[in-house]
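Let us walk through this structure together, one feature at a time. Keep the sequence and the 3D view at hand as you read.

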Amino acid sequence: MRIQSTNSNEPIWRDIYPYSKLPQKLKKLSEIATNLWWVWNHEGAKLFGEIDADLWKETGGNPVMLLQKLSSKRMKNIMDDYEMMAKIDYVYDLFKAYINIKPNPAKPSVAYFSMEYGLTNVLKIYSGGLGILAGDYLKEASDSNVDLVAVGLLYRYGYFTQSLSMDGQQIANYEAQDFSKLPLTQVTASDGSPMMLEVPFNDRIVYTHIWKVTIGRIPMYLMDTDIPENSEWDRPITHQLYGGDWENRMKQEYLLGIGGIILLNKLGMKKQVYHCNEGHAAFINVQRLVDYIEKDQLEFNEALEVVRASSLYTVHTPVPAGHDYFDESLFGKYMGHFPQKLGISWQELIDMGRTHPGSSEKFCMSTFALNTCQEANGVSLLHGKVSQEMFAPMWKGYFPQELHVGYVTNGVHMPTWMATEWKRYCYEKFGHNFIKDQSNKDIWKQIQQSPDEEIWYIRRILKRKLIEYIKAQYTESWLKNQGDPSKVVTLLDRINPDALLLGFGRRFATYKRAHLLFTDLDRLAKIVNNENYPVQMVFTGKAHPADGGGQGLIKHIVEISRRPEFLGKIIFLENYDMHLARRLISGVDVWLNTPTRPLEASGTSGEKAEMNGVLNLSVLDGWWYEGYKEGAGWALTEKRTYDNQQYQDQLDAATIYHLLEDEIIPLYFAKNSKGYSPEWIQYIKNSMSQIAPDYTMKRMMDDYFERFYNKLATRSEMLAGNNFAEAKSIVGWKNEVAAHWDSFQIESFKYDPKVFQPVVGDEYTIEIVINRKDLKSMLGVEVVYTRENPDNQKIEFIHSEPFKLVKEDGPKLYFELKHTTLGFGRVRAGFRVYPCNRKLPHRMDFAYVRWIPS
């Protein structure tokens with residue numbers, strides 16, 4: 001037999017992450033570089049820029065990569081440079097003084113879960129607003145001394161890098177991240193080997209490495225499945241943010257939720273409050289239920305009481321279609337082993353993700369979150385109301401306005417998004433403690449006394465920096481995309497620092513209406529080509545690779561920008577990221593936001609603009625619905641004139657043109673002999689003093705504690721005490737009510753017939769007697785007043801009035817209501833009975849209702 005001359009299996013590769021070895025004298029730099037404190041503390045970033053300006057630029061502002069690329073010669077020069085070493089010591093002392101402050105024990109501890117985090121453009125684990133908000137939240141948690149841990153996924157390819165083809169078509173490029181060159185560290189076991197987390201899926205184990213990102217005082221742990229221990233089927237789970245099909249999305253959310261809790265258990269971390277940033281993370285409560293059932297020997301309903309009492313769900317989506325839904329077959333493929341662990345049936349589990357239990361609806365992550373979290377909130381005042389409407393079908397018998405779904409309006413991390421020039425100015429004017437009290441309007445009022453020249457000087461610097469950035473960063477890509485080099489030269493020459501500059505930057509979803517300004521091109525051409533009042537507009541943003549409509553908008557705007565009348569007047573900047581965002585929101589004069597109402601849950605780009613003296617022109621939607629102040633920006637009404645969206649778009653576009661032509665442009669160019677418009681500066685002062693302090697992340701963080709975290713921590717501690725005695729008691733009460741809810745009877749219902757044709761000012765008495773029969777629990781009765789909205793024929797809640805319990809005689813309850821009619825107009829009245837228990841957090845916790853005939 002001939003001996004085969006070759007014999008080899010497929011190569012088995014393992015990633016190796018080498019780390020550079022800095023001299024002992026420079027170890028402080030490595031410590032600073034691997035903590036994202038430098039992202040929002042100017043002294044840190046400035047230090048790395050001074051160590052090697054060229055390398056800092058080459059690495060895209062990545063201090064870890066910069067230190068790895070430092071030559072031994074440069075290291076020696078630094079160590080021989082007394083002044084540079086003194087700067088290193090100074091910044092390190094600032095860093096350590098910050099880091100060494102312990103968490104405030106008076107504040108509840110928090111575990112925070114999110115699919116994405118936007119912390120720095122260096123770490124590509126974010127796509128847009130949701131991630132940026134989460135990143136800002138962690139930074140403020142650090143600044144506010146919160147005991148918080150964050151959990152997420154470490155994406156090998158992150159979100160895509162955007163480029164444009166010659167014809168303006170978006171090209172999505174997924175570039176692998178080299179984890180060894182990022183500001184993170186791999187978590188290791190006691191023997192120094194990489195920590196391995198085993199996450200049990202239905203039919204297999206998925207293995208993950210754990211990476212730690214430190215954000216000031218806050219630890220964040222990220223799971224990575226792209227390792228040899230996993231099959232080729234499971235390695236891509238953490239390849240792309242929002243990439244792949246619905247099955248990969250299920251696997252990602254399973255890993256984030258189930259794996260996230262297993263990870264915290266392995267690290268020995270238990271917190272008082274568990275916060276789901278969007279429904280993606282809702283599966284955390286599945287694993288938490290399993291833990292209480294298996295470790296504390298609780299029954300399912302008892303465990304659910306405890307889990308709910310410590311859980312908060314924040315929704316960022318204003319329409320039902322925006323939530324994640326899974327087919328029952330796909331849901332069962334991954335979650336089919338949990339009913340046995342939970343001690344419930346398959347039907348009971350999947351029904352927890354359905355608005356109508358027992359139906360054939362898909363499993364909805366948001367519905368499951370609402371069923372397993374005591375508290376829920378939208379992300380602005382208006383979005384809170386929209387969310388109540390959206391979720392109302394879950395609690396039949398109650399109207400949207402009565403629901404427990406609250407709101408916390410989003411804010412932005414001011415130290416990250418306020419330009420360095422403004423921060424220096426605020427420190428000088430307000431004092432260095434200003435940052436700790438940044439939401440105090442009394443402090444911001446002082447800007448009204450600032451000389452106009454100083455405000456204008458800062459605005460001019462920031463606009464010049466933006467223009468220089470555009471010319472430096474985009475000349476090369478424009479030469480590739482434009483085809484004609486002469487057009488690029490013309491484009492660059494036409495960028496005018498004296499022009500009124502409008503900015504638009506966000507995700508290119510169709511509801512954002514980036515096309516609105518291009519509704520009437522002739523009118524737009526007249527606006528941007530007025531030699532006496534030059535106007536220029538900068539657009540940027542990415543469309544999801546699967547969103548053809550959004551990509552079409554980008555192509556449309558790029559095509560318009562290349563027309564002769566718009567060349568250099570309409571500019572599209574590719575690859576919108578945090579670095580570009582920071583330049584754009586501080587460098588333009590007006591920030592434009594034109595969403596279809598009420599589809600902007602909050603929006604935070606305009607809030608970032610506020611921190612930099614940039615004025616907003618926006619639809620009254622999201623945060624601007626509550627933030628707008630006359631004389632501090634401009635607004636399009638929140639009210640719809642047309643049901644036809646095309647007509648509404650045309651009207652809104654005409655309104656924007658009108659505002660530009662008749663108000664904004666004349667105001668900006670009403671310049672005095674010093675070259676600026678005093679009226680424009682007054683708008684900036686009004687904007688910064690009256691609006692900006694209300695939209696800081698500091699205010700948002702404080703709101704979360706005041707409205708949700710504090711009461712969750714208090715109630716969950718109460719339920720868990722004495723071996724979960726209160727939780728068990730509440731479950732016993734609910735069981736008793738559920739078993740006998742249909743047994744009580746209305747024995748009498750007495751009222752003067754005039755109560756339904758009342759005279760304004762007269763008092764009427766209504767008496768109701770209820771025989772509870774076998775029901776032992778206390779009941780409540782109330783009258784509910786509604787009216788029909790003539791615009792949409794919907795029944796709207798006005799208010800409710802509780803009856804007073806005047807006597808209890810055995811199973812019989814005697815109720816009385818003395819009612820005085822105070823207003824005119826037709827209303828409807830209905831009478832509602834509900835179970836009473838003061839230990840419930842709100843009525844939606846146990847939404848049993850019986851309407852009784854009158």
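**Salt bridges, a helix and a sheet**

Let us begin with Lys-555 and Glu-559, whose side chains meet in a salt bridge, with N and O 2.5 Å apart. A salt bridge here is a side-chain nitrogen of Lys or Arg within 4 Å of a carboxyl oxygen of Asp or Glu. Both residues sit in helix α23 (residues 548–561), 4 residues apart, which is about one turn of the helix. An α-helix has 3.6 residues a turn, so residues three or four places apart point the same way. Helices (H or I, at least four residues) and strands (E, at least two) are DSSP runs, numbered from the N terminus.

A word on the background: this is a predicted model, in which local features need pLDDT of at least 70 and side-chain atom pairs count only at pLDDT 80 or more, while totals for chains, interfaces and linings use all residues. Residues are numbered from 1 along each chain as its sequence is written, and side-chain values use heavy atoms, leaving out hydrogens and water.

How many salt bridges does a search of the whole structure find? It finds 46. One of them joins Glu-305 to Lys-734, with the closest N and O atoms 2.5 Å apart. This pair links distant parts of the chain, 429 residues apart: Glu-305 is in helix α11 and Lys-734 in helix α29. Are these two residues buried or exposed? Both Glu-305 and Lys-734 are buried, where buried means under 20% relative accessible area, exposed over 50%, and partly exposed in between (1.4 Å probe, protein chains only).

Now look at helix α11 (residues 300–309) itself: 9 of its 10 residues are buried, so the helix is largely enclosed by the rest of the structure. Its buried residues pack against α10 (284–295), β10 (311–314), α13 (338–342), α15 (365–372) and α29 (697–740); contact means heavy atoms within 4.5 Å.

Next, find the open sheet of 6 strands, in the order β17-β16-β15-β18-β19-β20, with parallel pairing. Its edge strands, β17 (570–573) and β20 (634–636), each pair on one side only. Two strands pair if DSSP finds at least two bridges between them. Strands β15 (residues 500–505) and β16 (residues 535–540) run parallel and are joined by 6 bridges. Across from Phe-504 you will find Phe-539 in β16.
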